[in-house]
Amino acid sequence: MKFFLDTANVDEIRRINDLGLCDGVTTNPSLINKEGRDFKEVISEIASFVEGPISAEVTSYDYESMVKEARDLSKWADNIVVKIPMTEDGLRAINILSKEGVRTNCTLIFSLSQALMAMKAGASYVSPFMGRIDDMGEDGARLVYDIRTIIDTYGFDCEIIAASIRSIKNFEDAALAGAHIATVPGNLFEKLWSHVLTDQGIDKFKKDWEAFEGK
Ligand code: E4P
């Protein structure tokens, strides 16, 4: 299973990359906006040290503009994956771009049929939004599991990026459900390796060692 960083914050990406835990990065217009930096500048900086796929999202929604934007984005670095929203125009764009060798990540996936349409059109990745599905009272993990079943049954050349992960449970459920990739926000990442009993255990070992040395 691969771990991506779901952020456009370069410091967060460097921190996790230094631990060997960053196989790629996903961004979206909201994450770019949060950084307040030039889109191309921030993506190019990430691409300068992250070897894995970096998703950069189109900001237009009609077919012609999306394809134009995607062709441009794909030239920013060799490892750019263009994120395209799940719409009819988006599917058409994914189809032509896949034929040109541009890798795409079909985003805003909320149903199995949407994932199936994206894979059939030629998406390299599909991004089911687990957290937002759970917000609706539905089961994001179940969707990931079902998409994985479809990929394995029919042999689609596509990977699942479990997205909209907001909790340790979302992350663990994504792994159990068979996501190829989980994309994790920077501020959640450190919670994945932390545990209160680990901290308490270290405190006790420290105190006992100090007592031993004082004897
Ligand atoms: C990543 O590809 C998605 O854009 C992101 O995970 C969405 O997360 P959110 O639902 O927390 O905004």
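Strands S3 and S4 (residues 80-85) pair in the parallel sense over four bridges; strands are DSSP runs of E with at least two residues, helices are runs of H or I with at least four, and both are numbered from the N terminus. Two strands count as paired if DSSP finds at least two bridges between them. This is a predicted model, in which local features need pLDDT of at least 70 and side-chain atom pairs pLDDT 80 or more, while totals for chains, interfaces and linings use all residues. Residues are numbered from 1 along each chain as its sequence is written, and side-chain values use heavy atoms, without hydrogens and water.

Strand S2 (residues 24-26) also runs parallel to S3, joined to it by two bridges. Within S3, Ile-54 stands opposite Val-25 and opposite Ile-80 in S4. From S3 (residues 54-57), Ile-54 and Ala-56 point one way and Ser-55 and Glu-57 the other, yet all are buried, that is, under 20% relative accessible area (1.4 Å probe, protein chains only).

S3, helix H4 (residues 63-73) and S4 form a right-handed β-α-β unit: with the strands pointing away from the viewer, the path from the first strand over the helix to the second runs clockwise.

The table gives polar contacts, which are pairs of N or O atoms within 3.5 Å.

| Side chain | Distance to a ligand oxygen atom |
|---|---|
| Asp-6 | 2.5 Å |
| Arg-132 | 2.6 Å |
| Ser-164 | 2.7 Å |

Taken alone, the ligand exposes 350 Å², of which the protein buries 84%; these areas come from the Shrake-Rupley method with a 1.4 Å probe.

Definitions and conventions. Buried < 20%, exposed > 50% of the residue type's maximum accessible area, 1.4 Å probe, protein only. Polar contact = N/O pair within 3.5 Å; in protein donor to acceptor, adjacent residues only side chain to side chain.
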